[in-house]
Amino acid sequence: MANEAGLSRRDILAAAGMAGAVGVLPGVLGMAAPDSAMATPPAGFVLPPLPYVLDALEPAIDKMTMEIHHGKHHKAYVDNANKALAGTPLAGMKEPSALEVFRRFGEIPVEKRMTVRNNVGGLLNHSQFWTWMAPAGTGGEPASVLAGEIGKTFGSMKGLQEKFAAAAMSRFGSGWAWLMVGETGALSVVSTANQDSPWMGAEISGVSGKPILGVDVWEHAYYLKYQNKRADYLSAWWSIVNWVEVNNLYARATADR
């Protein structure tokens with residue numbers, strides 16, 4: 001049964017397995033895997049580690065951008081999410097889950113909802129974003145089933161890239177572009193503002209579905225290297241897409257069909 005955010009229990013369990021291909025499962029939930037030497041896991045959301053070294057995505061994304069993006073921006077979302085959830089019914093969750101936060105969004109005091117939405121959304125989106133990228137030449141290709149659906153929906157891989165670029169370039173200000181699987185199993189490309197995502201559900205973000213690929217078009221994702229040339233950033237980004245992860249997500253999103 002789906003909840004008000006459009007997420008079924010299967011969806012949440014599927015999201016829990018998202019990052020298996022790159023070994024950072026807890027990151028998608030906004031948590032870092034507890035250090036085996038620690039007596040008890042830390043409370044609240046924790047910044048997940050990157051699945052590669054900081055300069056692994058060069059030349060598409062430079063080391064300094066990754067250092068600031070992950071170590072400063074992503075960390076700020078994590079820290080601010082924990083602060084925002086303090087004193088709410090969700091503060092005592094044994095294992096914090098970003099998807100659980102949005103499933104129970106109505107329990108959050110009204111005055112805290114926008115802060116929670118922005119920061120829990122930010123930590124979820126970024127935890128996913130790192131897994132959707134891999135060093136150039138290592139990310140594989142779309143699996144045959146996914147490639148077939150891309151051809152059917154967009155005409156070709158170039159058609160998908162053009163649709164994706166259009167969504168990303170038309171996003172005024174900050175936000176994301178997504179390739180997602182909808183309720184009928186069809187692929188579509190959508191864009192959301194700020195740190196919203198399809199995982200939040202239509203009532204919160206205006207769209208709902210299961211994202212299998214997303215790109216960050218906040219300026220902090222590309223400005224050091226590309227300045228105002230968002231289109232150049234988007235063009236280079238395709239060289240580091242981790243299709244292994246995208247294929248896995250597509251298989252999970254369509255498993256019941």
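## Strand pairing

In this predicted model, strand β1, residues 175-181, is joined to β3 by 6 bridges, and the two strands run antiparallel. One of the residue pairs involved is M180 with P211, the latter lying in β3.

Helix α5 packs on the sheet, where it touches β1 and β3. The direction of α5 makes about 65° with that of β1.

## The sheet as a whole

The sheet is open and has 3 strands, in the order β2-β1-β3, with antiparallel pairing. Strands β2 (187-193) and β3 (210-216) stand at the edges; each has a single partner strand, so one side of each is left without a neighbour in the sheet. From one strand to the next, the twist averages 25°.

## H126 in helix α5

Helix α5 covers residues 110-131, and H126 is placed in it. Is H126 buried or exposed? The relative accessibility of H126 is 0%, and because buried means under 20%, H126 counts as buried.

Leaving aside residues up to four places away in sequence, H126 touches H69, H74, Y77, W176, Q195, D216 and H220. Among these residues, W176 falls within the range of β1, residues 175-181, and D216 falls within the range of β3, 210-216.

The side chains of H126 and D216 are also joined by a polar contact of 3.2 Å.

Note on methods
Residues numbered from 1 in each chain as written. Predicted model: local features only at pLDDT ≥ 70, side-chain atom pairs only at ≥ 80, totals over all residues. Heavy atoms only, no water. Helix = DSSP H or I, 4+ residues; strand = E, 2+ residues; numbered from the N terminus. Buried < 20%, exposed > 50% of the residue type's maximum accessible area, 1.4 Å probe, protein only. Polar contact = N/O pair within 3.5 Å; in protein donor to acceptor, adjacent residues only side chain to side chain. Contact = heavy atoms within 4.5 Å. Pairing = 2+ DSSP bridges. Axes fitted to C-alpha atoms, helices over the stretch in contact; angles between N-to-C directions.
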